[in-house]
Amino acid sequence: MTVDVRNIDRAPVIVGGGIAGLMTALRLAPMPAVVLAKAPLQTEASSAWAQGGIAAAIGSDDDPALHLADTLAAGDGLCDVDVAARITAAGPAAIEILLRYGARFDCDSAGAMQLGLEAAHSRRRIVHAGGDGTGKEIMRALVAAVRKTPSIRVLSGFEARRLVVTGGVVSGVLAGSSTDRVLLPTSRVVLATGGVGGLFLDTTNPSGSFGQGLALAARAGAALVDMEFVQFHPTALDTGGHPLGLVSEAVRGEGATLIDETGVRFMAGVPGGELAARDIVARAVWRHLADGHRVYLDARASLGCNFAGHFPAIAAACAMAGIDPARQPIPIRPAAHYHMGGISVDRDGRSTLPGLWACGEVAGTGLHGANRLASNSLLEAVVCAVSAAASVAAAPAGGDWREVAMTLPAPADPASIRPILSRAAGVVRTYDGLAASIASLLPLVGSGDPAADPALVALLIAVAALRRCESRGGHFRSDFPASDAAFRQRRTLTLDTALHAAREIASRDCCYA
């Protein structure tokens with residue numbers, strides 16, 4: 001496939017075909033925009049896998065201020081309060097925007113939206129579609145809208161490999177497919193590439209979600225923030241394979257409990273029980289597994305024969321593994337699920353690199369802090385895409401384009417990185433494990449091998465985790481098990497500072513606090 005860049009005419013380029021990317025393109029219309037998608041739309045985006053729903057304070061007993069309070073509590077002291085207030089306040093409007101694009105949410109017989117409950121929410125405020133198919137339904141609606149919008153050009157099968165930077169400003173995107181390469185001239189790039197779960201052996205994300213956008217931004221010189229904060233979902237379907245199926249938190253919201261092979265409900269004495277914050281539940285499950293137990297999610301008493309009606313996708317995944325949730329407990333384990341950190345951006349999605357914006361999971365907005373509140377991710381994707389689009393639309397198109405000679409890097413392959421990062425930066429971390437991983441990852445970052453970009457993202461996570469000598473939210477250090485007020489701040493990192501720290505860490509035993 002040969003792409004005629006003359007027809008693109010320096011239009012904004014959006015990297016990523018999930019909810020954040022497609023919403024950005026739609027909000028830019030009728031301004032021309034190019035969407036780069038590694039796979040056909042609605043096939044590999046993490047957005048389409050989202051089961052839980054989208055959080056919005058639309059219930060009669062709810063208010064955005066309550067939603068904000070829950071978000072800040074889950075974020076464990078690291079949320080940007082102004083950002084969190086703005087995004088939670090925009091929740092009702094985000095639902096209206098999605099309805100206008102054709103999303104169909106679950107309603108009762110009177111036409112009112114059915115609202116679910118998830119962990120650490122004080123109200124039922126989770127808007128669902130198809131029970132456990134919210135992301136899939138939103139993607140269906142947005143893909144249909146994109147296909148009806150003539151100003152949006154989708155380049156499917158192309159993966160962004162490098163950003164072109166001229167004079168400290170973005171000037172293009174180098175992308176490749178299985179058979180071709182293309183250099184897209186643009187001074188406006190929006191990264192909407194999703195998360196980092198593909199860097200771990202156990203994940204609920206698509207295997208290709210290794211932090212591609214983070215690598216693009218870091219190599220171009222943009223700052224990143226909160227890289228150490230990875231959320232592990234406590235209830236991934238423990239049936240082997242990669243990735244693991246997700247058993248939504250909404251199942252626990254409907255009364256399912258966590259038990260071990262003896263039938264003991266080991267979360268019974270924990271405040272909040274099964275609906276405590278995700279990091280608390282994930283560590284409890286991890287410890288129980290480490291003690292030699294099996295762990296199960298038991299929905300027999302709470303849902304029983306109604307399980308498949310409430311959660312058809314989860315029921316289908318269980319059936320493929322030979323499990324009937326109406327009659328059997330579901331084997332589960334923690335798995336990498338969401339990255340709270342990302343590219344450092346302002347309230348309009350602008351990064352520290354002129355010409356580069358980010359939205360969705362790849363962006364570190366400050367909404368999530370140290371621990372994402374359930375179902376805030378789809379809300380963030382919609383709200384921040386709207387803001388980023390407005391900012392991009394107001395930015396100049398840039399000057400004359402000059403062809404740049406650049407070598408197309410090989411397609412990334414994170415397979416060799418997964419065991420390294422999983423050992424070091426999983427649910428529980430230690431200095432020794434992190435330092436060992438940094439020594440292994442450092443030579444790969446500049447190697448030019450398919451593992452280079454995944455190694456870079458893994459290195460950024462490991463360095464940030466080693467430098468945070470405390471435990472907070474999704475980051476738990478067994479050698480520093482308490483939180484420390486001195487670390488109650490967001491921390492930025494660039495590629496240069498990470499490499500400098502990594503070289504010193506690899507050469508001598510020193511904790512860079």
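Contact here means heavy atoms within 4.5 Å. The structure is a predicted model in which local features need pLDDT of at least 70 and side-chain atom pairs count only at pLDDT 80 or more, while totals for chains, interfaces and linings use all residues. Residues are numbered from 1 along each chain as its sequence is written, and side-chain values use heavy atoms, with hydrogens and water left out.

**View A. Surroundings of Leu 36.** Not counting residues up to four places away in sequence, Leu 36 touches Val 13, Ile 14, Val 15, Gly 16, Gly 17, Leu 155, Phe 158, Ala 160, Val 173, Ala 175 and Leu 184.

View B. Helices (H or I, at least four residues) and strands (E, at least two) are DSSP runs, numbered from the N terminus. Five of the five residues of strand β2 (residues 33-37) are buried, so β2 is largely enclosed by the rest of the structure; buried means under 20% relative accessible area, exposed over 50%, and partly exposed in between (1.4 Å probe, protein chains only). Val 34 and Leu 36 point one way from β2, and Ala 33, Val 35 and Ala 37 the other way. Two strands pair if DSSP finds at least two bridges between them. Strand β1 (residues 13-15) runs parallel to β2 and is joined to it by three bridges, with Val 13 opposite Val 34. Strand β6 (residues 152-156) also pairs with β2 in the parallel sense, over five bridges, and here Ala 33 stands opposite Ile 152.

**View C. The nonpolar cores.** A nonpolar core is a set of buried Ala, Val, Leu, Ile, Met, Phe, Trp, Tyr and Cys residues joined through side-chain atoms within 4.5 Å. The largest has 76 residues, and those touching the most other members are Leu 36, Leu 191, Leu 199, Ile 343, Leu 356, Leu 459 and Ile 461. Helix α14 (residues 452-467) gives the most to this core, with 12 residues. A second, separate core of 51 residues includes Ala 33, Val 127, Ile 138 and Leu 379.

**View D. Helix α11 and Cys 384.** Of the 19 residues of helix α11 (residues 376-394), 15 are buried, so α11 is largely enclosed by the rest of the structure. Cys 384 counts as buried, at 7% relative accessibility. The sulfur of Cys 384 is 7.3 Å from the closest cysteine sulfur, in Cys 359, too far for a bond. The structure holds zero disulfides, a disulfide being a pair of cysteine sulfur atoms within 2.5 Å.
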